[in-house]
Amino acid sequence: MIQLYMPLNFIGSVYRDIKQGLIDVEEMFSLLEVEADIKDRPGAVPLRTAKGEIIFEHVDFAYDKERPILRDLSFRVPSGKTVAIVGPSGAGKSTISRLLFRFYDVSAGRILVDGQDIAGVTQKTLRAAIGMVPQDTVLFNDTVRYNIRYGRPEASDEEVEDAARLAQVHSFVMTLPKGYEALVGERGLKLSGGEKQRVSIARTILKSPPILILDEATSALDSMTEREIQTALGQVSRNRTTLVIAHRLTTVVEADEIIVLEHGGIAERGTHGELLKQRGLYAAMWNRQREADEARRKLADIEHEE
Ligand code: ATP
């Protein structure tokens with residue numbers, strides 16, 4: 001069987017070749033036409049979503065038996081709250097979101113969504129309950145309107161535009177000669193990373209899933225774009241159970257809880273303020289990132305002056 005590596009910042013090159021493909025996570029397996037390792041269990045039932053609470057209960061996980069990735073991991077994302085997972089590269093952050101989508105089964109412990117073990121529910125209903133704002137969005141070769149409406153095909157034009165406003169992308173769209181009818185994607189207008197991400201946020205606002213995963217961009221954006229994205233993300237995650245996979249630390253400051261993952265276990269946990277006071281791993285990561293951002297800004301200023 002094919003061992004499928006499924007980064008959640010999704011396989012752009014595959015999409016690019018698909019003219020009218022489906023972009024949602026839940027459609028990925030059929031798109032790739034590979035047989036997934038994980039199937040619905042006999043007797044699997046639909047997920048009954050309520051408030052969107054997530055619980056990881058003593059979860060162990062390894063891609064290869066010899067190399068454990070997560071060890072005895074327990075945490076809870078209460079309904080409507082935001083929990084951010086941070087930690088060094090390779091600590092297992094994205095693995096957590098893959099497990100929540102049930103791209104893999106845990107080797108011990110359980111993952112519960114609204115009290116139901118996700119191993120016993122149908123994948124279709126599980127994945128329909130989770131919205132994802134990936135770090136690298138690939139758009140359809142179609143209009144801006146189509147790309148946003150994909151989140152909820154029956155949405156009216158007005159609802160599409162309201163979602164775009166909340167996602168901080170409406171005024172940008174209005175600068176395009178054809179506005180919402182402008183063609184985007186590989187064969188249309190080339191949008192910047194930040195613009196594409198905001199279109200994707202608008203789509204997710206329209207879909208309005210009870211649970212949201214934000215896969216934060218790995219690379220730094222310019223500060224204006226970053227601010228716009230932060231505002232847009234704030235809108236989409238408001239009152240929605242949100243798990244932030246933070247490769248950088250920009251979106252975590254406001255999180256209700258930050259979990260610092262190291263060697264597959266929780267090294268520290270708390271709010272941004274509490275963790276800075278601890279002067280541990282998180283504080284060190286925060287300071288390092290601030291220094292790097294500062295250096296990058298100075299370099300950009302110098303280049304600007306030249
Ligand atoms: P980053 O911030 O760099 O994206 P991360 O914390 O999100 O890192 P993960 O992507 O969760 O890290 O990966 C955790 C570990 O699991 C890494 O050592 C990675 O090499 C390994 N890994 C990820 N996917 C697979 C796979 N399909 N098969 C085997 N090992 C994998």
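**Conventions.** I am working with a predicted model, in which local features need pLDDT of at least 70 and side-chain atom pairs count only at pLDDT 80 or more, while totals for chains, interfaces and linings use all residues. Residues are numbered from 1 along each chain as its sequence is written. Helices (H or I, at least four residues) and strands (E, at least two) are DSSP runs numbered from the N terminus, and two strands pair if DSSP finds at least two bridges between them. Contact requires C-beta atoms, placed from the backbone, within 7 Å; axes are lines fitted to C-alpha atoms, for helices over the stretch in contact, with angles from 0 to 180 degrees between N-to-C directions.

I traced an open sheet of six strands in the order 6-7-8-3-9-10, with mixed pairing. Strand 6 (130–133) and strand 10 (265–270) stand at its edges with a single partner strand each, so one side of each has no neighbour in the sheet. Direction ignored, neighbouring strands here are turned by 20° against each other on average. Strand 7 (residues 211–215) and strand 8 (residues 241–245) run parallel and are joined by five bridges, with I213 opposite L243 in strand 8. I also noted that helix 8 (residues 193–207) packs on the sheet, touching strand 6 and strand 7, and that its direction makes about 170° with that of strand 6.

**Strand 3.** I then asked how many residues of strand 3 are buried. Five of the five are, so strand 3 is largely enclosed by the rest of the structure; buried means that 20 or more other C-beta atoms lie within 10 Å of a residue's own, exposed means 12 or fewer, and partly exposed lies in between, with C-beta atoms placed from the backbone. In a regular strand the side chains alternate between the two faces of the sheet. In strand 3, T82, A84 and V86 point one way and V83 and I85 the other. Four bridges join strand 3 to strand 8 in parallel, A84 having V244 as its bridge partner, and four bridges join strand 3 to strand 9, also in parallel, where V83 stands opposite E257.

Strand 4 (residues 108–113) pairs with strand 5 over two bridges, and V113 stands opposite Q116.

**Ligand shell.** Of the 13 residues around the ligand, I recorded Y63, S89, K93, S94 and T95 as coming nearest, where near means a C-beta atom, placed from the backbone, within 6 Å. Strand 1 (54–64) and helix 3 (93–100) each supply at least two shell residues, and helix 3 gives the largest share, three residues.

**S156.** S156 counts as exposed because it has 10 C-beta neighbours inside 10 Å.

Terms used:
Contact = placed C-beta atoms within 7 Å.
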